[in-house]
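How many aromatic pairs does the structure hold?

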Amino acid sequence: MCRGEGLVFDALQNIFKIPELKKRVLFSLGMLAVYRVGCHIPTPGIDRLALAHFFKQAQGTLLGMFDMFSGGALERLTVFALGIMPYISSSIIFQLLTVVVPAIEKLSKEGESGRKKIIQYTRYGTIVLSFVQGLGIAIGLESMRGPAGELVVPNPGWSFRLMTVITLTAGTAFIMWLGEQMTEKGIGNGISLIIFAGIVVRIPTALSNTVRLLNAGQLSLFVLIFVLALMFVVIAAIVFVERGQRRLPIHYAKRVVGLKTFNAQTSHLPLKVNMAGVIPPIFASSIIMFPATVANFINVPWVQKAAKSLTPGNLVYDLFFVAFIVFFCYFYTAVTFNPVDVAENVKKHGGYIPGIRPGKETSDFMDSVLTRLTFAGAIYISLVCVLPSILIGKFNLPFYFGGTALLIAVGVGMDTVAQIESHLITRNYEGFLKGVKIRGRK
C-alpha cells in the first residue's frame, strides 16, 4: 500500500473512532440514502416511456442541466422532481430583500431570533415557488407527446394537475427538511450535500454510456482522453484557487486589560479569493432555470425560440450565466463580509494594519482589497463554469458534467472534508488536555 492510500485509510479509521463524528457522518449518509430512494418514487398519471423519449431529445439543453441538479428525478418525474432549486430560489429572493426592504434588513440584524424568522419566511417562499413550478410542469406535461404521438399524460385535467402539484410540493418540502436536518445533526451543509449527491450519482451512468459510445465508434479515444484531461486540469485549478487567500497583516500593540497584560503580537486576516464559494453558479443556474423551464412548456414560437437561446453552450445563455455569476459573487461577499464591522472589531481590540489608520481608512482598504479579490474570483468561477461546458458540448458527450458540476462537487467535497478535519483536530486537543489538572480548577 502506498503512503497516500495509507493516510486515507487512517483518516477513515479516525472518523469512526470518534463516536460523535461517526454518528454525524452516518446520519448524513442515511439522509442521503433516503433522498436517493425518493428520487425513484414516481408521480402517478405519467407515461414513463413517452417522458423518457422527451428527455432524450432534451439532452444537453437546460432541462438536462436541471435534471442534473435533481439527480435524475426530473427525467423520471418522481416525487423529488423539483429538487432543491425552489428553496435556493427562495433564499435568493430573501437575501435580495434583505438589502431592499428595511423590515427584513432589521430582522437580519436581530441575531439568532431574526435569522430564524428569515429562515421561516424562506420556507414559506419555497412552498409558494414549488406550487407555481409544479403547476407549470403539470400543464406542460399535458401537451407533451411521445415518438408515436402518444400523450405523456394519458388522463389530463385538473385532477392530474392538483395531484402533481401537491406531490411535487410535498417532495420539495421534504428535501428541504432533509437538508436542514443534515446541517444540524450531520456533517457538512445539508443543501449542498443534496446537490452534490444529485451530481455524483450520475457518474456511473455517464461512464457506462461513454464506454458504449466508445465501443460503437461514435466517440473517439482521443476526444475522451482530452475531455478527461480537461476535467483533471479544472479540478486541480479549483483546488488551487479555493485554497488561495490574501492575508492582511494585523498588528496588536501591548495593552493591559484589568489585571492581565497582553504583549504585542502580529496576526493576519485571511481573505479568500473566492469568498462566495459555490453559491454564485448555483444561484445563477437557479435564476436562469426558472423562466427557461417554464418557457419549454409553452408552445408559442417566440417563447420556444427564447427558451432555445437559454441552452448551455449558447452565447446568450453564457452571457447571462457569466453576468449572474459576477453579480452574485459581489452580492454574496457583501452579505457575508462587512469591512466596516471587521475594521471596528480590529480597532476595538487594539489592532491595526501597518501603514493604514484604524477606523474608516482600514475599512476602505479592506473594501478595495476585497473588491479586487472578488473580481478575480468571479472571473475564475466564470471560466470554470463556462469554458469546459462549451468545449464538452462541442463533442456531444452523452452526459452534462461541465464546469458548474465540477465546481460544486469539488467545492462541497472540500468543505465537508474541512468540517471532518475540524472535528478530528478538536478531538486531538481534548486528548492533550485529558488528565491534565488546570490551575484554579476544582
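There are nine aromatic pairs in this structure, which is a predicted model. A pair of aromatic rings is described by the distance of the centres and the angle of the planes.

**Aromatic rings**
- F94 and Y121 are a stacked pair, with 6.4 Å centre to centre and 25° between the planes.
- This pair links distant parts of the chain, since F94 lies in helix α6 (residues 85-100) and Y121 in helix α8 (residues 112-142), 27 residues apart.
- F94 counts as buried because its relative accessibility is 15%, under the 20% cut-off.
- Y121 has 35% relative accessibility and therefore counts as partly exposed.
- F320, F324, F327, F328 and F331 are joined into a cluster by ring pairs.

**Charge over a ring**
- R161 places its charged end over the ring of W158, at 4.7 Å from the ring centre.

**Nonpolar cores**
- The largest nonpolar core has 71 residues, of which Y35, I88, I238, L269, L271, F321 and L407 touch the most other members.
- Helix α17 (residues 360-394) contributes the most to this core, with 10 residues.
- Leaving aside residues up to four places away in sequence, L407 touches I238, E242, V278, P281, Y380, I381, V384 and C385.

Terms used: Residues are numbered from 1 along each chain as its sequence is written. This is a predicted model: local features need pLDDT of at least 70, side-chain atom pairs count only at pLDDT 80 or more; totals for chains, interfaces and linings use all residues. Side-chain values use heavy atoms; hydrogens and water are left out. Rings of Phe, Tyr and Trp (its six-membered ring) pair if their centres lie within 6.5 Å; planes under 30 degrees apart count as stacked, over 60 as edge-to-face and the rest as tilted. Helices (H or I, at least four residues) and strands (E, at least two) are DSSP runs, numbered from the N terminus. Buried means under 20% relative accessible area, exposed over 50%, partly exposed in between (1.4 Å probe, protein chains only). A charge sits over a ring if NZ of Lys or CZ of Arg is within 6 Å of the ring centre and within 35 degrees of the ring normal. A nonpolar core is a set of buried Ala, Val, Leu, Ile, Met, Phe, Trp, Tyr and Cys residues joined through side-chain atoms within 4.5 Å. Contact means heavy atoms within 4.5 Å.
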